[in-house]
Amino acid sequence: TMPILCGAILGWWEQGVFDLGNFLIALLGSLSGALSINALWEYFDFRNGLSVDHGGSDLLPDTAYSLMRNGRIDATLTRNLGLIFGAVGLACSILLALLAGWPMLFFAGLSFVLALFYAAPPIRYGYRGWGLGEIGVFISFGLLPVLGGYYALTQQLSQSALWATLPLGLLSVLVIYTYNLLRYHRDWLIRKRTLVVSAGVPRSLDIGIVLTVAAYSSFILASSIGTLPLWTLLSLGGLPLVLGGFSDIWRGGRRREDLPSLYTTAINGVIVTAQLFCLSLFLDQLL
């Protein structure tokens, strides 16, 4: 929900309009869509890995995939929950299309379809390597939600909204990327060629640092050219938190046991960054 939240607040900052109804519907639709995609991703990964012998290892205990593998939840239930949340997200998108205009249906629909076929057959582009999955995540979880949140409140788009998609989209990729680090061995077994699987864990940690620096550098670039206010540099407050997670792994000899803490740190860092981004826009308006 962070990218669509940031897009909406950016729209309020630039256009001075705030429709609470559209805002809440957009947030609900984004949350429902994300829950739907997560459930369906786990379901499709589970179906694809039915013939794979994990040897009793590398199953993260708190994921739907491992719960289905262990027989603690039914795969059909996971799929149905994904479809139900998807239906709620679709209803929100249709309502927003009636209230704010048809582009809302385009932003939400394209975002959901791109995210779905990351793991859903027959396309499953997240399995194909070459960074296709990460590009899809950038578009479906970053670029389109930011534009959708902005449009929901303003019924138009702007250069600032387009620039905001760069750092927020890269941070969205970072969250999925660190999660893929966690399940590297499982993805390798089910032949899911994420960027982590293609590069290997040691090199992927280096790529993660580059991705982090690129995301936060985008805030500096957008602020320096005047597309976003200088207050936006407050968003850099999340950088030490995220880089600290990578630093802990380096100091610990890049042990696999440290990857869960990196994932948690990345999530917290992205949430803090989004909150600081919204705060910076409020401060620019007030001061």
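Helices α7 and α10 cross with left-handed geometry. The model is predicted. Helix α7 spans residues 159-182 and α10 spans residues 201-224.

**α7 with α10**
- The two helices pack at an angle of about 160 degrees, and their axes lie 9 Å apart.
- Angles over 145 degrees count as roughly antiparallel, so α7 and α10 are roughly antiparallel to each other.
- Their contact has 20 nonpolar and four polar residues, with no charged ones.

**α7 with α12**
- The crossing of α7 with α12 is left-handed.
- On the α7 side, the contact residues are A164, L171, V175, T178, Y179, L181 and L182.
- They meet L259, P260, L262, Y263, A266, I267, V270, T273 and F277 of α12.
- By class, this contact has 14 nonpolar residues, two polar and no charged.

**Nonpolar core**
- The largest nonpolar core holds 75 residues.
- Within this core, L10, L181, L205 and F277 have the most contacts.

**S93**
- S93 sits in helix α4, residues 75-100.
- S93 counts as buried because its relative accessibility is 11%, and the cut-off is under 20%.
- Beyond its neighbours within four places in sequence, S93 is in contact with L105 and A108.

Notes. Residues numbered from 1 in each chain as written. Predicted model: local features only at pLDDT ≥ 70, side-chain atom pairs only at ≥ 80, totals over all residues. Heavy atoms only, no water. Axes fitted to C-alpha atoms, helices over the stretch in contact; angles between N-to-C directions. Helix = DSSP H or I, 4+ residues; strand = E, 2+ residues; numbered from the N terminus. Parallel < 35°, antiparallel > 145°, perpendicular 65-115°, else oblique. Left-handed = near helix turned anticlockwise from the far one by under 90°. Nonpolar A, V, L, I, M, F, W, Y, C, P; charged D, E, K, R; others polar. Core = buried A, V, L, I, M, F, W, Y, C linked by side-chain atoms within 4.5 Å. Buried < 20%, exposed > 50% of the residue type's maximum accessible area, 1.4 Å probe, protein only. Contact = heavy atoms within 4.5 Å.
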